Amino acid sequence: MKTPVRIGLALLGAFIQAMGLCNIHAFAEVTEGGVLGATLLIEHWLHVSPALSALVLNVLCYVIGWKTLGKGFLAYSALCGAAYSVFYALMEPFAPLWPGLVTSPLWSAVVGAVFIGVGAGLCVRVGGAPGGDDALAMAVSRLTKVDIQWVYLFTDALVLGLSVSYIPLGKLAYSLLTVVLSGQIIGWIQKIGAKGKEA
């Protein structure tokens, strides 16, 4: 895959991901795990925009994991993370674009998961981590030899557990649906991209 195509897909992935978080999850009280969920948690309790908190948390995670990820991975990850923050900041004044959608927890969970899964999946496919939790999970998995899906499950469960402080337990069931569904979509898109990476 040529560099301009990779950059284009990375930007598209960041845009799609920001669209889902800014217009659906932030208003429907359906959260994600990892850094994405943590930004919504921080926004609720500290009133700090995810445009800023996502950038800060992602940088911290990349600092922890950069030695195990390689320079090319970090370059595309930085592009995805910065683009996500910029897109989120640009969309924030106009959100939500679909006010009717965010009134349904089930549809918010499903549609939001598709946005997150496709957006993150495109970034992963081109060789970057759209969020710091992806970089951190890969680093922890490599260092501990624990399968990466279990690392993701632990971090997602931790964030969802903390989210009980502002999201009713009933709605957390929809958040769990989002986490599981988006993770499957990311994995599916990553496998499609893996064929091209062999070359």
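Okay, let's start inside: Val35, Leu36, Ala54, Asn58, Tyr84, Pro130 and Gly131 line the largest cavity. Before I go on, this is a predicted model, where local features need pLDDT of at least 70, side-chain atom pairs count only at pLDDT 80 or more, and totals for chains, interfaces and linings use all residues. Residues are numbered from 1 along each chain as its sequence is written, and side-chain values use heavy atoms, with hydrogens and water left out.

So, cavities. We work on a 1 Å grid over the protein atoms alone; a cavity is a set of points where a 1.4 Å probe fits but cannot get out, while a pocket is an open set with protein on both sides within 12 Å along at least five of seven lines, and lining residues have an atom within 4 Å of a point. Grid points are joined across faces, edges and corners, and the volume is the space filled by probe spheres set on the points. The count is one cavity of 30 Å³ or more, and the largest cavity holds about 30 Å³ of space. Which elements give two or more residues to its lining? Those are α2 and α3. Helices here are DSSP runs (H or I, at least four residues), as strands are (E, at least two), numbered from the N terminus. By class, the cavity lining has five nonpolar, two polar and no charged residues. For the classes, Ala, Val, Leu, Ile, Met, Phe, Trp, Tyr, Cys and Pro are nonpolar, Asp, Glu, Lys and Arg are charged, and the others, Gly among them, are polar.

A nonpolar core is a set of buried Ala, Val, Leu, Ile, Met, Phe, Trp, Tyr and Cys residues joined through side-chain atoms within 4.5 Å. Buried is under 20% relative accessible area, exposed is over 50%, and partly exposed is in between (1.4 Å probe, protein chains only). The largest nonpolar core has 21 residues, and Leu21, Tyr84 and Tyr88 have the most contacts inside it. At least two residues of this core come from each of α1 (3-28), α2 (34-46), α3 (50-69), α4 (71-91) and α8 (169-197). α1 gives the most, with five residues. Apart from that core lies another, of six residues, including Tyr62, Leu69, Phe73 and Leu74.

What does Tyr84 touch, not counting residues up to four places away in sequence? Ala14, Gln17, Ala18, Leu21, Leu36 and Ala54, where contact means heavy atoms within 4.5 Å.

Gly81 is in helix α4 and is buried, at 4% relative accessible area. Leaving aside neighbours within four places in sequence, Gly81 is in contact with Asn58 and Pro130.

Next, the second largest pocket, with about 300 Å³ of space. It is lined by 17 residues, and Gly34, Val35, Leu136, Thr155 and Val159 lie nearest its centre. α2, α3, α6 (132-144) and α7 (148-162) each supply at least two lining residues, and α7 gives the most, with six. The lining divides into 14 nonpolar, two polar and one charged.

Gly33 sits in the loop between α1 and α2. Is Gly33 buried or exposed? Buried, at 2% relative accessible area. Beyond residues up to four places away in sequence, Gly33 touches Asp133, Asp156, Val159 and Val179. Gly33 and Tyr152 are 119 residues apart in sequence but 8.4 Å apart in space, C-alpha to C-alpha.

Quick word on the cysteines. Searching the whole structure for disulfides (pairs of cysteine sulfur atoms within 2.5 Å) turns up zero. For Cys22, the nearest cysteine sulfur is that of Cys123, 16 Å away, and Cys22 counts as buried at 1% relative accessibility. For Cys61, the nearest cysteine sulfur is that of Cys80, 15 Å away; Cys61 is buried too, at 11%.

Last, two backbone items. The peptide bond from Ala95 to Pro96 is cis, with omega near 0 degrees, and Pro96 is in the loop between α4 and α5 (105-125). Then there's His47, in the loop between α2 and α3: its phi is positive, about 60 degrees, although it is not a glycine. His47 is exposed, with 69% relative accessible area.
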